[in-house]
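Biologist: I am new to this structure. Please take me through it in short steps.

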Amino acid sequence: MALFVKKGRHTANNKKSAKSLFPVILIIVMVAALVVGGYFIVDKFVLPIFDNNNTPAETAEPTTIIHDPYLGTLTVPDVEGIEKNEYKKENFVKDENGFMSYVENGEVKSTLGVDLSYIQGDVDFDALKSQGIDFVILRIGGRGWGESGSLYSDDNFDSNYERAKAAGLKVGAYFYSQSITPQEAKEEAQYVVELLNDRPLEFPVAFDWEYVDEDPDARTHNIEGEVISDMAVAFCEEIKSSGYIPMIYINSSLIYQSYNLEKIKDYDFWHAEYNDQPSLYFDFAIWQYTKTGRVSGIDSDVDINICMKEY
């Protein structure tokens, strides 16, 4: 009997303890539910609003999937300020001499030009003019791709400039850059301005930065796209501040895989693509459509271009 009473008294105490613990347990369960539920809401609904830079997703640039004939399927940004290539491919036609033009309703909307350096040797600019060449873009200099990266001028620029002008051709210039910092790119632009010595140009001065595949030790290997973009801006802004029109020479690889388009959207593009029609997703001012062109007055292969814009 005593044993029974003792057992009953213990059971009553357990019940009393359980009742006193119930509110605590309930609070713990509710807090746990809130934590789990809150985590679910944040993970599923809040975090997707933000990108990796904590920028609202709705402010991120829209993108488009394209197919490039050289690089395959790509996703490219649609940057406000850069127009799309809306040229009709069937309007790019070649004449009997192999010269390209863009024709709308029977009217030629483009102009024809070549780009030259000392490699083309002695050029007959009057012969170029007589064939319908409207402009020339002359290499004014470059930077070596060795470790020192020395600046140099093109041996034929001065004579090419004077004779092109005398033949009535419009003239632009380009600089073959191997800069590795924005400061070097600015230095290149200042060098260009010094070489021009206030001589007028009708066409732009182009920043021609390229990777050097033929030299595994070239100083520009492994330069990141953001740096290339900053160098292009440094060059172009220095050219613009000196009263000339800046331009950036591009190809599919550079424009799709290296350049930050948001940074270079204020400059015209000179696009190199050796094909019957340009496939570039973005608009361009000049299209370099061949590097093996043949033109009377030049004894070697030459790059031939058409300009889609009036300068």
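**Helices, loops and charged pairs**

Modeller: This is a predicted model. Start with two helices: H4 (residues 182–196) packs with H5 (residues 225–241) at an angle of about 30°, and their axes are 8 Å apart.

Biologist: Is H4 roughly parallel or roughly antiparallel to H5?

Modeller: The angle between H4 and H5 is about 30°. Angles under 35 degrees count as roughly parallel. So H4, relative to H5, is roughly parallel.

Biologist: Is the crossing of H4 and H5 left-handed or right-handed?

Modeller: The helices in question are H4, residues 182–196, and H5, residues 225–241. Their crossing is right-handed.

Biologist: By class, how many residues in the contact of H4 with H5 are nonpolar?

Modeller: On the H4 side, the meeting residues include Pro182, Ala185, Val192 and Val193. On the H5 side, Met231, Ala234, Phe235 and Ile239 are among them. The contact also has one polar and four charged residues, and its nonpolar residues come to nine.

Biologist: Is Arg143 buried or exposed?

Modeller: Buried means under 20% relative accessible area. Glu184 is buried, at 16%. Arg143 has a relative accessible area of 3%, so Arg143 is buried.

Biologist: How far apart are the closest N and O atoms of Glu237 and Lys240?

Modeller: Both residues lie in helix H5, three residues apart, about one turn of the helix. Glu237 is partly exposed, with a relative accessible area of 33%. Lys240 is partly exposed too, at 44%. They form a salt bridge, with the closest N and O atoms separated by 3.2 Å.

Biologist: Which residues do salt bridges that share partners join into one network?

Modeller: Glu237 and Lys240 pair within H5. Elsewhere, salt bridges with shared partners make one network of Arg143, Glu184, Glu187, Glu188 and Arg219.

Biologist: Is Asp78 buried or exposed?

Modeller: Asp78 forms a salt bridge with Lys84, and the closest N and O atoms are 4.0 Å apart. Lys84 is partly exposed, with a relative accessible area of 29%. The relative accessibility of Asp78 is 15%, so Asp78 counts as buried.

Biologist: How many salt bridges does the count come to?

Modeller: Side chains of opposite charge can pair when their charged atoms come close. The rule takes a side-chain nitrogen of Lys or Arg within 4 Å of a carboxyl oxygen of Asp or Glu. By this rule, the salt bridges number 17.

Biologist: What separation do the C-alpha atoms of Glu86 and Asp283 have?

Modeller: Glu86 sits in the loop between strand E2 (72–77) and strand E3 (92–94). Glu86 is exposed, with a relative accessible area of 70%. Asp283 is 197 residues from Glu86 along the chain, yet their C-alpha atoms are separated by 7.4 Å.

Biologist: What share of the residues in the protein chain is buried?

Modeller: The secondary structure of the chain comes to seven helices and 14 strands. Among contacts between residues at least 6 apart in sequence, 61% join residues at least 24 apart. Of the 311 residues in the chain, the buried share is 42%.

Terms used
Residues are numbered from 1 along each chain as its sequence is written. This is a predicted model: local features need pLDDT of at least 70, side-chain atom pairs count only at pLDDT 80 or more; totals for chains, interfaces and linings use all residues. Side-chain values use heavy atoms; hydrogens and water are left out. Axes are lines fitted to C-alpha atoms, for helices over the stretch in contact, and angles run from 0 to 180 degrees between N-to-C directions. Helices (H or I, at least four residues) and strands (E, at least two) are DSSP runs, numbered from the N terminus. Angles under 35 degrees count as roughly parallel, over 145 as roughly antiparallel, 65 to 115 as roughly perpendicular and the rest as oblique. A crossing is left-handed if the near helix is turned anticlockwise from the far one by less than a right angle, and right-handed if clockwise. Contact means heavy atoms within 4.5 Å. Ala, Val, Leu, Ile, Met, Phe, Trp, Tyr, Cys and Pro count as nonpolar, Asp, Glu, Lys and Arg as charged, and the others, Gly among them, as polar. Buried means under 20% relative accessible area, exposed over 50%, partly exposed in between (1.4 Å probe, protein chains only).
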